[in-house]
Amino acid sequence: MAPSHLPATRDLAALLEGESETEAQLLAQRAQQLDQLVGQIAAYEQSLYDSPEDTEARLGLAQTYRVLGKTTDAIAQYRALLSIDPGQLSSGLQLCQLLAQLGRLEEARVLASDLLERNPNQTEIYLALGNIHRMAQRPQEARQAFSKTVEINPSYAQGWNNLGNLSLVGDELQQAVDYFRKAIDADHNYVEAHFNLGNAYRQLEEFDEARDSFEEVLRIDPGFIRAHYALGNLHERTGRSDAAKKDYSTFIQKWRGDPKMTAAAQEAIGRL
């Protein structure tokens, strides 16, 4: 069944046509995407009608429901998959993530623990378990789980990065730097680790190293727009007003996330 707001989206796109081309185009694109998702649901449901044991179709259906924000339907499909194979890693991990996002952390923890019993020494499960403990404000348990990921695989960049984030939150700044560097050694193109390293250096007031890290972020991924805000803030703190204005302006132009960050960048330009 199509989402109830789909016709309204199309109507608004039509009304805006000629008034605000960009906004109308975005809304029309959104309507097209919704059409595609609804079509995918119909195709998956037909596949499951023909073959109820089609796990790929059921996983696709769960993922599509999740994209549409139909979390109850998504959870039901993930549960159906796990009833067929309780140790199925992909569906189990996706359900863990969804439950954690919904704040159902104990359900997520129990599921992750069960997956771990069925799939020992899987770094992805320890990573999920660590994230659940972190969200539940259990930093020691989170650290143990993340440490297990890099014990199993010393080249697991995401494990080192998450250990660094825990140290950063715990104000263990030099330890955080060491962990982020290990993440980068494991995968130099892991852009989040470079960004987090820059934040650690900024808090240590090692501003040259922080700038190098944020610039490396943009070299690897020019679309990582938060780095422009970070550079603007860094330039502002070190008295480089022109450079700060340039990076803040680039951030304002390209950022499509939290509007509070856009407002903060605009306020910063006003101070300079």
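Me: Which helix gives the largest share of the lining of the largest pocket?
Reply: That share, 7 residues, comes from α7, where helices are DSSP runs (H or I, at least four residues) numbered from the N terminus. This is a predicted model, in which local features need pLDDT of at least 70, side-chain atom pairs count only at pLDDT 80 or more, and totals for chains, interfaces and linings use all residues. Residues are numbered from 1 along each chain as its sequence is written, and side-chain values use heavy atoms, with hydrogens and water left out.

Me: What lies nearest the centre of that largest pocket?
Reply: Leu93, Gln97, Leu127, Ala128 and Asn131 lie nearest the centre, out of 14 lining residues, and the lining divides into 8 nonpolar, 4 polar and 2 charged (Ala, Val, Leu, Ile, Met, Phe, Trp, Tyr, Cys and Pro count as nonpolar, Asp, Glu, Lys and Arg as charged, and the others, Gly among them, as polar).

Me: OK, switching to helices: at what angle do α14 and α15 pack?
Reply: Helix α14 (residues 241-254) and helix α15 (residues 259-271) pack at about 150°, with their axes 9 Å apart, the axes being lines fitted to C-alpha atoms over the stretch in contact and the angles running from 0 to 180 degrees between N-to-C directions. The two are therefore roughly antiparallel to each other, a label for angles over 145 degrees.

Me: And which residues of α14 meet α15?
Reply: Lys245, Tyr248, Ser249, Phe251 and Ile252 in α14 meet α15 residues including Met261 and Ile269, with contact meaning heavy atoms within 4.5 Å.

Key:
Parallel < 35°, antiparallel > 145°, perpendicular 65-115°, else oblique. 1 Å grid on protein atoms, 1.4 Å probe; cavity = no way out; pocket = protein on both sides within 12 Å on 5 of 7 lines; lining within 4 Å.
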